[in-house]
Amino acid sequence: MRILIINGPNINMLGIREPDIYGKNTYADLCGMIEAHAAERGIEVKLFQSNHEGSIVDEIQAAYGKFDGIVINPAAYTHTSIAILDALKSVGIPAVEVHISDVTAREDFRQISYAGMACEKSFVGLGFDGYIKGIEYLINK
Ligand code: DQA
């Protein structure tokens, strides 16, 4: 099984950005945790992070026929990007959405998730564990 993990803008700033909201662990820590879990479960993962909406669309398109599932945290693009929503719908790969923070308890502008409309499940407010929960959902599906 091959799972693509996509992270959007500023997720590479974990550990530095707003630690009271996102915690003190870094993006490298997140990648290490996901890779260790994938090794334990005997699956392949590709980790992709970009600050650019079009690059995320390109990565989703390129996943067609190559990946069995997508775990995506589109970060701020969650709340703005119909292009990412359409890309997920275009490839039809089972996808789950992850947010480190509990977006449901935050600002009004974070209450809409376009990408989430193409996802089977959302894991929010669970910190880094949300990615593991997302991977497990796709494995067990
Ligand atoms: C986030 C929540 C988004 O609203 C925010 O723009 C992010 C991170 C999260 O993981 O909690 O960059 O997706």
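Visitor: In what order do the elements of the protein chain run from the N terminus on?
Guide: The order is β-α-α-β-α-β-α-β-β-α. This is a predicted model, where local features need pLDDT of at least 70 and side-chain atom pairs count only at pLDDT 80 or more, while totals for chains, interfaces and linings use all residues. Residues are numbered from 1 along each chain as its sequence is written, and side-chain values use heavy atoms, with hydrogens and water left out.

Visitor: Why does the radius of gyration of the protein chain agree with a compact globule?
Guide: The radius is taken over C-alpha atoms, and the globule rule is 2.2 Å times the number of residues to the power 0.38. For 141 residues that gives a value near 14 Å; the protein chain has 14 Å, so the two agree. Its C-alpha atoms fill a box of roughly 35 × 35 × 25 Å along the principal axes.

Visitor: Why is H79 called buried?
Guide: Buried means under 20% relative accessible area, exposed over 50%, partly exposed in between (1.4 Å probe, protein chains only). H79 has 13% relative accessibility, so H79 counts as buried. H79 lies in the loop between strand 3 (69–73) and helix 4 (82–91).

Visitor: Which residues is H79 in contact with, beyond four places in sequence?
Guide: They are V103, F109, R110, I112 and Y114. Contact means heavy atoms within 4.5 Å. The H79 side chain also reaches the backbone oxygen of R110 at 3.5 Å.

Visitor: What makes a set of residues a nonpolar core?
Guide: Its members are buried Ala, Val, Leu, Ile, Met, Phe, Trp, Tyr and Cys, joined through side-chain atoms within 4.5 Å. The largest one here has 21 residues, and I11, L30, V71 and Y131 touch the most other members. Helix 2 (27–41) is among the elements giving two or more residues. Helix 2 gives the most, with five. A second, separate core of 19 residues includes I6, I84, I93 and A115.

Visitor: Where does the charged end of R17 sit?
Guide: Over the ring of Y22, 4.1 Å from its centre. The rule asks for NZ of Lys or CZ of Arg within 6 Å of the ring centre and within 35 degrees of the ring normal. R2 sits over the ring of F67 in this way, with its charged end 4.6 Å from the centre.

Definitions and conventions. Helix = DSSP H or I, 4+ residues; strand = E, 2+ residues; numbered from the N terminus. Polar contact = N/O pair within 3.5 Å; in protein donor to acceptor, adjacent residues only side chain to side chain.
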